[in-house]
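Reader: I am new to this structure. Please take one part of the backbone and look at it closely. Then connect it to any related spots.

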Amino acid sequence: MTRPLHVFVLAAGRGTRMKSEQPKVLFDVCGRPALTHVVRLANEVGAASVTVIVSPEHQEACARATEGDGARVVVQDPPRGTGHAAQVAWEALGEATDEADVLILYGDGPLYTARTVRRLLEAHVAGGEDVGGTLLTVELDDPSGYGRVVRSADGGVDRIVEELDADEATRRIREVNTGIVVLRAGTGREVVDGLSSDNAKGEVYLTDAVLALRERGARVGRVGLEDHREGHAFNSIAELSVVRDLMRRRIVEGHQANGVDVVDPATTWIDVDVTIGAGTRILPFTVLGRGVVLGRGCVVGPFSHLRVAAELADGAEIGNFVEVKNSRIGERSKAKHLAYLGDASIGAGTNIGCGTITANWDGTAKHRTTIGDGAFIGSGTVLIAPSRVEDGGRTGAGAIVRRDSTIGPGEVYVGVPARRLERRPGGADQNEGGPS
Ligand code: UD1
Ligand code: CA
């Protein structure tokens, strides 16, 4: 039997340790705000509704970050602790019977996987009718800062003790609260509504709901994290960098498992939502932004930067210090050194010489550069957009191709500003010694 699942994402904390105006939960983690990762996770595990709790000053920004993911954004004003956040969320949810469950996630923990959450939900349902809630816990070598889990005689959880309220023996417990918990919706609501702020911080602690459930005779189950790396949340920039690094490694490992030859995982940054074909080689110090698409058998790097809407067809090669943005590079085409390719469409089998620039921005608007198949762009060419190079078109080294130019099929343009190179009937070039 499955019960409908409502998810609360708590994201109203002040995040003072970030020392930033930006809301903590909106810091980017590999191409997507932390909060968005969490909301997507809620959808992935089949949430019937997602309620995000935010502080008043961050309402707009958080609504923007979760737009399109079907979440309801609710303000907690002022934030008075995680238990208070849950009270506000339940108020917004309205209906609350034990025929549904409520899963609580934290906006500052973007590393949890759907697999883990499903394990938690399955254990919760399998626990039976007397289980009021099930908690996700993790054993840490250094549990400091986290709430400690005190086990009950039945192997479940007796209570959670926050560090500030813990005595020395309790502080030595290494099993901690991840914050992720699933509660029967009706009982959970009653218990959470009854929470008070009688503790060291003077906040309403959600964690006190465990003891309150026990006092009503309900059991609280526990599921341990299999991979403790998922348990990293962030309260500071230094912790955020750890979270990003863990996410980055996970993404790289996913591509490796698909047959992508990532040579140096330690220096390769790949955002979420990047597609890479099998047999493609990614050389060290490469950065692939969100949404980049690479075909099969491509070679990228070292030191390449592919950004938004960059797309390489099969066998294309992008080399050192080449930036590609909003551009499609055709099959087997190459840009191996020092180039900027922005807002460009490049055909198949074309060679982009060292130092080529598509000058796409005129100070007011962006314009496109179109290059056909089998073209040859000489070193140091600047193509001022909009402009066009037809199939087999060529430019000489250092050519500055003026805007609105079209280099016809097989034509050669050279010089500054670039002019068409006329061939004499005998075949020799008019203003150059020979073919470049
Ligand atoms: C909390 C838990 C702790 C657990 C740890 C795991 C409590 C009392 N403590 O501590 O047991 O080990 O998380 O990371 O729950 N938030 C609100 N409104 C508020 C306060 C916080 O929405 O009024 C949100 C925050 O944005 C954050 C989450 O709740 O996403 C957790 O709050 P935080 O202050 O980071 O709790 P911790 O001290 O880390
Ligand atoms: Ca936290």
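Author: Start with Cys 30. Cys 30 lies in the loop between strand 1 (5-10) and helix 1 (34-44). The model is predicted, and everything here is read from it. In this model, the phi of Cys 30 is positive, near 55°, and the residue is not a glycine. Is Cys 30 buried or exposed? Its relative accessibility is 4%. The cut-off for buried is under 20%, so Cys 30 counts as buried.

Now turn to Ala 309. Here too phi is positive, about 55°, in a residue that is not a glycine. Ala 309 sits in the loop between strand 17 (304-306) and strand 18 (311-312). Its relative accessibility is 37%.

Next come the peptide bonds. Most peptide bonds are trans. Two spots are cis instead. One cis bond joins Asp 77 and Pro 78, with omega about -10°. Pro 78 belongs to the loop between strand 3 (71-75) and helix 3 (82-93). Another cis bond links Ala 385 to Pro 386, and its omega is about 0°. Where is Pro 386 placed? It falls in the loop between strand 27 (382-384) and strand 28 (387-389).

Back to the starting point. Cys 30 is a loop residue with a positive phi, and it is buried.

Methods. Residues are numbered from 1 along each chain as its sequence is written. Chains are lettered from A and ligands numbered from 1 in the order in which they are written. This is a predicted model: local features need pLDDT of at least 70, side-chain atom pairs count only at pLDDT 80 or more; totals for chains, interfaces and linings use all residues. Side-chain values use heavy atoms; hydrogens and water are left out. Helices (H or I, at least four residues) and strands (E, at least two) are DSSP runs, numbered from the N terminus. Buried means under 20% relative accessible area, exposed over 50%, partly exposed in between (1.4 Å probe, protein chains only).
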